[in-house]
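Please keep the sequence and the 3D view open side by side while reading. The paragraphs below are meant to be followed with both at hand.

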Amino acid sequence: MSSCPALPEGFDFTDPDVNARRVPLPEFALLRRSAPVSWIPQPHGLAGFDDDGYWAVTRHADVKEASTRPEDFSSARNTSVIRFHPGMRRERIDAQRLMMLNMDPPEHTRVRRIVQRGFTPRAIRALESALRERAGRIVAAAREHGSGDFVTDIACELPLQAIAELIGVPQHDRAKIFDWSNRMIAYDDPELALTEETGSRSAMELIAYAMDLAAARAAHPARDIVSRLVAAEDEGSLGSDEFGFFVLMLAVAGNETTRNAISHGMHAFLTHPEQWELYKRERPATTAEEIVRWATPVISFQRTATRDTELGGGTAIREGERVGLFYASANHDPEVFDAPETFDITRDPNPHLGFGGGGPHFCLGRSLAALEIDLIFAAVADTLPGIRLAGAPRRLRSAWLNGIKELRVSYE
């Protein structure tokens with residue numbers, strides 16, 4: 001196996017202690033130059049999988065290629081999560097195949113065809129007016145405090161309210177969604193004192209909540225997206241358990257990721273004040289895409305080889321071996337991006353992989369996420385033009401999420 005000899009011994013891109021300090025961009029750059037598809041050894045079974053490591057895929061072109069070859073690189077075999085808690089049991093990993101993120105065609109194709117009804121351009125446009133009003137109220141409420149934590153005051157609120165608006169969750173229940181999703185993804189962070197059992201229990205509570213909502217709509221359809229997903233038998237529909245796992249995916253893929261993009265975006269603006277002045281003055285339409293590239297909220301997902309194959313110009317990958325698709329590295333590939341280390345909200349074109357590398361798992365909610373980012377920063381620029389940092393961001397300890405737990409700011 002080809003590993004990169006220049007990496008520090010034992011270095012692992014999925015080590016949550018590494019990601020708690022920083023995204024390992026220098027190490028990604030090293031691999032892109034010297035060993036773009038490189039074997040990263042791990043102690044046997046460390047990540048919740050019965051193996052000894054994974055292949056790190058670091059170049060933009062190779063991440064895209066693996067993403068568009070689902071017949072060779074499976075999302076279902078070991079799921080898309082590259083590292084679980086060390087105590088993760090195999091039956092719990094296998095249970096996650098009920099989530100669309102962890103399906104392969106043709107089952108993935110069937111489920112995606114149904115759920116994409118909620119993400120049509122018309123459906124997103126129908127949300128825009130309500131979300132613009134909500135963004136304004138969120139930012140106005142934060143201003144009243146004078147200072148605070150941008151993550152909890154502003155960044156988390158609009159994604160939660162958008163999900164509630166989209167699937168008909170009463171707004172007074174959004175705090176439950178926030179709490180459940182936090183507990184599901186934060187088991188690697190000791191400050192939050194969460195266990196694997198806590199995360200699993202939170203996932204089951206969220207699924208049960210969504211299943212109850214689906215059952216109610218199946219029995220008594222309303223004019224909302226839930227009814228369209230679970231009650232439209234003639235067009236194909238989701239069972240209540242499938243809907244439950246769809247909401248579970250939304251809670252992470254639609255909530256945690258957009259919240260972290262917004263948090264990283266605000267930090268980028270406040271550490272690149274010329275970009276903040278440019279944004280306030282011109283509001284470039286390219287802003288949201290650059291924020292997502294810069295933040296890359298999902299550092300990596302994984303695939304598993306279904307047969308002996310090759311990637312990256314000839315690197316041999318054996319059937320059953322895991323492949324880490326490092327979007328954070330791909331989004332800093334100088335072969336694709338001019339000055340990738342520069343935060344530039346006018347960047348165009350911007351073929352980033354922050355919404356995935358294409359293929360069947362390309363982010364279903366891309367348009368909604370971009371809309372939320374645009375609306376919240378427009379509201380911040382209008383209402384809090386003098387916002388400034390009041391402390392360094394506190395990062396989430398996670399194997400695969402580029403998360404910010406806290407970003408202290410002054411709103412005045």
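What follows is a walk through a predicted model, going from its sheets to a group of helices and then to one histidine.

Five strands make up an open sheet with mixed pairing, and their order is 1-2-8-5-3. Strand 1 and strand 3 (73-74) are the edge strands; each has a single partner strand, so one side of each lacks a neighbour in the sheet.

How many of the 5 residues of strand 1 are buried? In strand 1 (residues 37-41) the number is 4 of the 5, so the strand is largely enclosed by the rest of the structure. The partner of strand 1 is strand 2 (residues 53-57): the two run antiparallel and are joined by 5 bridges. Two of the facing positions can be picked out in the view. Tryptophan 39 stands opposite tryptophan 55 in strand 2, and isoleucine 40 stands opposite tyrosine 54 in strand 2.

Strand 2 itself is mostly covered, with 5 of its 5 residues buried. In a regular strand, side chains alternate between the two faces of the sheet. In strand 2, Gly53, Trp55 and Val57 point one way, while Tyr54 and Ala56 point the other way, and all of them are buried. Strand 2 also pairs with strand 8, here in the parallel sense and over 3 bridges. Within that pairing, valine 57 has leucine 325 of strand 8 as its bridge partner.

Helix 3 (residues 60-67) lies across strand 1, strand 2, strand 3 and strand 8 (322-326), and it runs at about 125° to strand 8.

Leucine 389 has valine 409 in strand 12 as its bridge partner.

Now turn to the helices. The axes of helix 12 (residues 240-271) and helix 16 (residues 366-383) come within 10 Å and cross at roughly 40°. The two helices are therefore oblique to each other, and their crossing is right-handed. On the helix 12 side, the contact is made by Thr258, Ala261, Ile262, Gly265, Met266 and Phe269; on the helix 16 side, by Ala369, Glu372, Ile373, Ile376, Phe377 and Val380. By class, the residues of this contact are 9 nonpolar, 2 polar and 1 charged.

Helix 16 also meets helix 14. The axes of helix 14 and helix 16 come within 9 Å and cross at roughly 105°. Helix 14 and helix 16 are therefore roughly perpendicular to each other. Here Ala288, Glu289, Ile291 and Val292 of helix 14 meet Arg366, Ala370, Ile373, Asp374 and Phe377 of helix 16. This contact has 6 nonpolar, no polar and 3 charged residues. Ile373 and Phe377 of helix 16 take part in the contact with helix 12 and also in the contact with helix 14.

Is helix 14 mostly covered or mostly uncovered? Helix 14 (residues 287-295) is mostly covered, with 8 of its 9 residues buried. The buried residues are Thr287, Ala288, Glu289, Glu290, Ile291, Val292, Arg293 and Ala295. Their cover includes helix 12, helix 13 (273-282) and helix 16. Threonine 296 follows helix 14 and has a positive phi, near 35°.

The last stop is histidine 108, found in helix 5 (residues 107-115). Why does histidine 108 count as buried? Its relative accessibility is 2%, and the cut-off for buried is under 20%. Leaving out residues up to four places away in sequence, histidine 108 touches Met100, Met103, Pro360 and His361. Histidine 108 and histidine 361 are 253 residues apart along the chain, while their C-alpha atoms are separated by 8.7 Å.

Conventions: Residues numbered from 1 in each chain as written. Predicted model: local features only at pLDDT ≥ 70, side-chain atom pairs only at ≥ 80, totals over all residues. Heavy atoms only, no water. Axes fitted to C-alpha atoms, helices over the stretch in contact; angles between N-to-C directions. Parallel < 35°, antiparallel > 145°, perpendicular 65-115°, else oblique. Left-handed = near helix turned anticlockwise from the far one by under 90°. Contact = heavy atoms within 4.5 Å. Nonpolar A, V, L, I, M, F, W, Y, C, P; charged D, E, K, R; others polar. Buried < 20%, exposed > 50% of the residue type's maximum accessible area, 1.4 Å probe, protein only. Pairing = 2+ DSSP bridges.
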